[in-house]
Amino acid sequence: MATLKLKNLSKRYGKTVWGAKDINLEVNDKEFIVLLGPSGCGKTTTMRMIAGLEEVTQGIIYIDEKDVTFLPPRKRDISMVFQSYAVWPHLTVSDNIAFPLRLKNLKSAEIEKRVKEVSSLTKIEEYLERFPRQLSGGQRQRVALARALVVQPKVFLMDEPLSNLDAKLRVKMRTEMKAIHKKTQATTVFVTHDQAEAMSMADRIVIMKDGSIVQEGSTDDVYFDCEDMFVAGFIGTPPTNFLSMELGEKNGKLLLVNSAFSFEPIGENYEILKNYSGKQVIMGVRPESMQVFKEKKPESVFSREVLVTEPQGSHQIVAIELDDQIVKIVAPPFPKVNPGEIVHIGFEHDRIMFFNPETEKRIRKA
Amino acid sequence: MTLNQSVTLEPHKSGFPWKKVIPYILIAPTVIYYIIFWIRPVLTSIIQSFTPEIGTGFTVENYSRIFNDPVFWQAVVNTGIFVIISVTLEFVVAFGLALIINKKFKGSSLLLAIALIPMALPPVAVGAMWSSGFATYGWLNSLLMSMGLIGEGEKILFLAGSDFQSLMLIIIIDAWQVIPFMMTILLAGLQGIPKESIEAGYVFGGTRFKVLRKITMPMLKPSIQTALILRIISAIQVWLIIVLIFGFRRIPVLLEEVVFFQEQVQNEYKLALAYSVIVALVVSVVAVFYLKVSGAFKGDEEQ
Ligand SMILES: Nc1ncnc2c1ncn2[C@@H]1O[C@H](COP(=O)(O)OP(=O)(O)O)[C@@H](O)[C@H]1O
Ligand SMILES: [Mg+2]
């Protein structure tokens, strides 16, 4: 097994379009890393450069400390699951899986043994003699997975392998792929635009935007400790609420003010904001870090009429309007909140994130 | 209510089965057209080819004359050589060109446009162009001389070579015109292959050559089959270019003999018919044989 290191990796298409820009990343042995970002942010470009399918404009790729930047794909000891699966239509399932092994001139007994192993791991033993067009999308996806696993590569690349499956199968495959990774322990780079997929599968999530990495870290890091407004707005459903606030001062105390309410930043938040007196900040607060009360409480900061509610079974989403902006709050399923009702709203103060409105970057303790 | 609905959803058990009949009605005009303009004349030709030139009655005279004519056997051999060499040569060059143009480098579309020019020229123009080129004082010799490749006294007598050389000359001219056509079919096929299928070949250990052999070519098989079958059929039917450059009966080939007996000599109409029946038979047999060997009939079972 192996490590992967990207150093200042960049790709320019034509003269001006940067598909990926200055990517620096280290993937540890056995790690399952997920590249996450909206469509067009450069995930595929990055992955294709690692695979050797795309020429590198700048930067270096190391696999196991060895510079592979200019090696052809077959000399990199990688394998890949393509988004379209790219199983070969003219070969049976077993020939598809055996193809990479035959090219390595392995003995046929060895090939047979490995095809058998990997097809039982991916649960496609029954289909080995079929042609791809006789399989469903989910089965084809498993074939692609089996073919990629059979070569036992140093680095395992997957480009949105689940995005063509229906929602239910996708969730099921997540679990299966995670289980497979547990068994094979292959160093993996997994690409997706689906945050739920990323969060449930990753050892570490790398969030990309416009060709660059904006944040990397564990699921909890990227969820609770966002580097900037993009990450806070991208991760989480419903996403983080952003409220424009001004920092005023009253009786020598800091006060966060907007048109509807004001409150005093306490504890850690005071430390973070103490140099921002008189300035605008953006307050980011996750829907589940806000509280809805039916009666006024000491913790509640302001009151509002409920616009709509979205019951979800395990919880309910309460939407209110604030400064012409919809703010969503995740509340426990009971007591039921009804549209039109006046509710009292509070914050979990230690979960609030503050951002600089100009740079959109997180404001941290000086 | 629900009961009623489920009843109406049942297919009509009685009444006229329109669903089954409509396809036949739709295809009827084509079938009728085929019977009148294709099957009927073909059958008439076959029957006529077994009648004497003057008078009526059954005879195999036309066929026995053909089979006893040494020119016929020469035509068979020439046609055979022509088909084998020209189809092979054209396929290899056309496939190579298609692979190159498919790479989409700078200027590949210009190259494609240039490569397609010969296809746009009618055979008569091609014949005129090359026969004037190959004349002893033609443009080809002039060109070679002006480039200093040959001297004044070393003019090449292109048209005066042996029969085999002359046939080669025809093959080259024909290839020049046909390659773009084959290349177009192969290029269309190549563009239909998903990029990721080829890339998967490289990722999973393939060299350029291995990927070409094991992935590109098998996936291109339908296009290769189309290109080859169309080309084999038209190669068996070569004649015009030969006549334009060498005239009749210098390099006899099958179809040229048909035209010869029909147009160039009087009162050999039935013989020409018998000849065309033979050509048609050869084409059909070769085509069916090729399709069988190449597996085009297997269809659903495997591909
Ligand atoms: N072959 C290409 N030519 C030009 N631009 C490209 C090409 N491939 C990708 N791009 C551009 O590079 C950017 C990143 O694309 P991609 O890596 O495919 O994004 P993602 O996989 O994250 O959706 C996009 O803006 C895209 O338009
Ligand atoms: Mg992509």
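Mentor: Start with the largest cavity, which holds about 60 Å³ of space. Keep in mind that this is a predicted model.

Trainee: Why is this space called a cavity?

Mentor: A cavity is a set of points where a 1.4 Å probe fits but cannot get out. The space of about 60 Å³ is classed as a cavity, so the probe fits there and cannot get out.

Trainee: How do you know which residues line the largest cavity?

Mentor: A lining residue has an atom within 4 Å of a point. The lining consists of A:Phe32, A:Leu145, A:Leu149, A:Phe156, A:Met158, A:Met177, A:Ile180, A:His181, A:Thr184 and A:Thr188. Each therefore has an atom within 4 Å of a cavity point.

Trainee: Which elements of chain A each supply at least two residues of that lining?

Mentor: They are α4 (137-150), β7 (155-159) and α5 (167-184). α5(A) gives the most, with four residues.

Trainee: How many cavities of 30 Å³ or more does the structure hold?

Mentor: One.

Trainee: Now the pockets. What makes a space a pocket instead?

Mentor: A pocket is an open set, with protein on both sides within 12 Å along at least five of seven lines. The largest pocket holds about 1200 Å³ of space. Its lining has 32 residues, and B:Lys103, B:Ile198, B:Glu199, B:Tyr202 and B:Arg208 are the closest to the centre. In chain B, α4 (70-102), α8 (163-191), α9 (195-203) and α10 (208-219) give two or more residues each. α10(B) gives the most, with five.

Trainee: How is the lining of the largest pocket divided by residue class?

Mentor: Into 15 nonpolar, seven polar and 10 charged residues. B:Lys103, B:Glu199 and B:Arg208 line this pocket, and Lys, Glu and Arg count as charged, so these three belong to that class.

Trainee: And what lines the second largest pocket?

Mentor: The second largest pocket has a volume of about 400 Å³. It is lined by 18 residues, with B:Val42, B:Ser276, B:Val277, B:Ala280 and B:Leu281 nearest its centre. α14(B) gives the most, with nine residues. This lining divides into 14 nonpolar, four polar and no charged residues. Asp, Glu, Lys and Arg are therefore absent from it.

Definitions and conventions:
Residues are numbered from 1 along each chain as its sequence is written. Chains are lettered from A and ligands numbered from 1 in the order in which they are written. This is a predicted model: local features need pLDDT of at least 70, side-chain atom pairs count only at pLDDT 80 or more; totals for chains, interfaces and linings use all residues. Side-chain values use heavy atoms; hydrogens and water are left out. On a 1 Å grid over the protein atoms alone, a cavity is a set of points where a 1.4 Å probe fits but cannot get out, and a pocket is an open set with protein on both sides within 12 Å along at least five of seven lines; lining residues have an atom within 4 Å of a point. Grid points are joined across faces, edges and corners, and a volume is the space filled by probe spheres set on the points.
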